[in-house]
Amino acid sequence: MHLDSEEEGILNGREGAAAKKAMELLVAIGEVMGAERMVRVTSSQVSGVSYGNIGDAGLQLLEDWAENGARVRVPTTLNPCGMDLERWKEMGVDGSYRAKQLRIIEAFRRMGVSTTCTCTPYLVGNLPKEGDHIAWSESSAVCYANSVIGARTNREGGPSALAAAIVGRTPMYGLHLEENRAPTVIIDVQAELRTRHDFSLLGYAVGRRVGSGVPLFEGIRRADRDDLKIMSAALAASGGIAMFHIPGVTPEAGRWQCRGLERVAVGARDLEDCREALTCDGEPDLCCIGCPHCSLEELEEVARLVKGRRVAHGKALWVWTSKKVREEGERTGHVRTIEEAGGMVFTDTCMVVCPLERAGFRHMVTDSCKAAHYVPSTAGMKTTVAELREAVSRVMENGR
Amino acid sequence: MADEAVFRGRGVAKFRGEGEALVTRQGISFFGGVDPDTGKIMERGHELLGKDVTDKVLVFPKGKGSTVGSYVIYQLRKNGHAPAAIINLETEAIIAVGCILAEIPLVDRLDADPISEIRSGDWVEVDGATGFVMVKRRVPRH
């Protein structure tokens with residue numbers, strides 16, 4: 001791998017032991033992946049923040065790095081951690097879990113990382129420009145950034161994203177290279193996409209069907225930001241998809257000739273199969289909305305649905321978002337509307353990375369296929385998927 | 001007198017180490033698959049279940065599972081249970097990152113199949129800087 005003189009200097013320890021270790025790590029990944037050189041990144045987004053996920057092993061490494069003087073040199077934000085940093089008691093989190101989670105956040109803070117914990121960094125100020133090279137690790141944000149923003153990132157692991165933030169570079173391979181961003185398969189969408197949940201089902205169906213590569217969707221006439229956000233999450237959960245194109249919607253779709261590519265038809269039956277696969281028998285006792293984290297508009301939709309209603313006895317409505325969006329929702333009154341109905345609006349964490357099972361729920365209903373994909377294994381819970389209005393109604397008084 | 005063989009591969013984590021080989025045809029997930037407090041393999045159904053990776057030259061095809069595995073490799077080092085070296089057929093990012101963090105030599109793409117050429121119990125020296133692997137055969141071949 002070719003390194004410039006500054007990169008060689010970092011590798012030789014000129015900028016300290018922590019930067020040297022970070023560069024060693026990136027060079028090793030670059031060599032394994034066949035990169036010819038490094039590329040400068042403009043931002044980083046680091047996963048592996050929840051104590052429940054990285055455990056004592058991750059905590060130890062992060063504290064060691066902070067102690068050894070590791071400091072990030074590009075704007076860097078965090079993935080959701082394992083609890084709401086203020087409302088942790090309401091989630092059933094205990095004191096020892098909380099103490100270790102706070103040590104993880106503190107280690108990141110010492111390294112200069114913004115301790116905003118969200119899977120939607122692009123909604124809270126970590127918004128790259130088209131063509132920017134970045135090192136992000138949250139799989140839904142990676143898929144969104146490549147596809148919708150036109151920024152360039154591979155699916156980083158937590159340590160490699162942190163290392164990239166520390167040296168301001170990442171090995172140039174995969175989706176950093178123009179040729180790897182070309183469509184590899186055409187998805188002929190024959191289902192009508194009526195709700196945001198339909199976009200989630202479509203993403204889930206395509207991830208399951210094609211697994212990897214860069215799908216180009218035909219037959220989608222319009223999609224808003226939040227449709228693309230929830231579809232990105234589903235594509236990356238059921239498959240390893242990190243980029244897609246939609247002609248007329250995403251910025252790079254028009255660059256490519258698609259003649260000769262394999263075509264895969266996806267219809268209403270395929271979406272229904274996914275809905276069935278993610279839906280169990282029985283009555284949900286917890287509705288979770290916000291995977292990925294809610295935008296202000298989604299918070300408003302939930303508020304409109306619950307205004308003047310009450311969450312049923314023994315059930316709960318938990319909405320997940322970033323601190324910044326919650327603050328905006330407090331100003332607009334939507335948070336209060338949800339809370340007055342008996343719902344909660346949690347920040348910094350989500351249903352997939354917090355210890356949801358400790359709160360004593362058994363069956364989650366959600367509009368997000370990604371959440372329903374992971375929660376059975378992360379929290380041992382049953383799941384149901386439904387479009388937003390129905391999902392919320394399942395836990396309200398006089399619901400279904 | 002031990003029979004010796006030398007192989008050459010690609011050095012990924014450029015450290016040196018030696019130890020007794022522990023060889024498997026199955027992939028290894030360090031997250032959930034290896035106990036960071038003891039170094040014992042704990043993945044159900046794995047052919048090395050219950051074996052200890054501490055100070056061993058671990059030979060396996062490639063890593064699998066969660067990227068948190070990199071952190072577990074680091075924790076094995078901190079707890080005194082790191083392998084002496086790792087040899088993969090074709091490595092991937094979880095193992096590569098873990099070995100860099102934990103300063104464990106890592107070599108892959110050997111010029112012969114290490115899983116059939118090296119037996120558990122052989123003594124193996126690994127030079128991650130040059131990619132050279134020297135095997136002192138202690139276990140009889142058929």
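Which domains does the domain assignment give for chain A? The assignment, automatic or from a database, divides chain A as tabulated below.

| Domain of chain A | Residues |
|---|---|
| domain 1 | 5-178 |
| domain 2 | 182-276 |
| domain 3 | 278-393 |

This is a predicted model, in which local features need pLDDT of at least 70 and side-chain atom pairs count only at pLDDT 80 or more, whereas totals for chains, interfaces and linings use all residues. Residues are numbered from 1 along each chain as its sequence is written, and chains are lettered from A and ligands numbered from 1 in the order in which they are written.

The C-alpha centres of domain 1 and domain 3 of chain A are 27 Å apart. Their contact (C-beta atoms, placed from the backbone, within 7 Å) takes 23 residues from domain 1 and 19 residues from domain 3.

Between the chains, 18 residues of chain A are in contact with 18 residues of chain B. On the chain A side, two or more residues each come from α2 (17-33), α3 (51-67) and α6 (158-167), helices being DSSP runs of H or I with at least four residues, numbered from the N terminus. α3(A) gives the most, with 7 residues.

Two of these helices, α2(A) and α6(A), also pack against each other at an angle of about 125 degrees, with axes 9 Å apart. Axes are lines fitted to C-alpha atoms over the stretch in contact, and angles run from 0 to 180 degrees between N-to-C directions. Residues making the contact include A:A22 and A:L26 of α2(A) and A:A163 and A:V167 of α6(A).

Methods. Contact = placed C-beta atoms within 7 Å.
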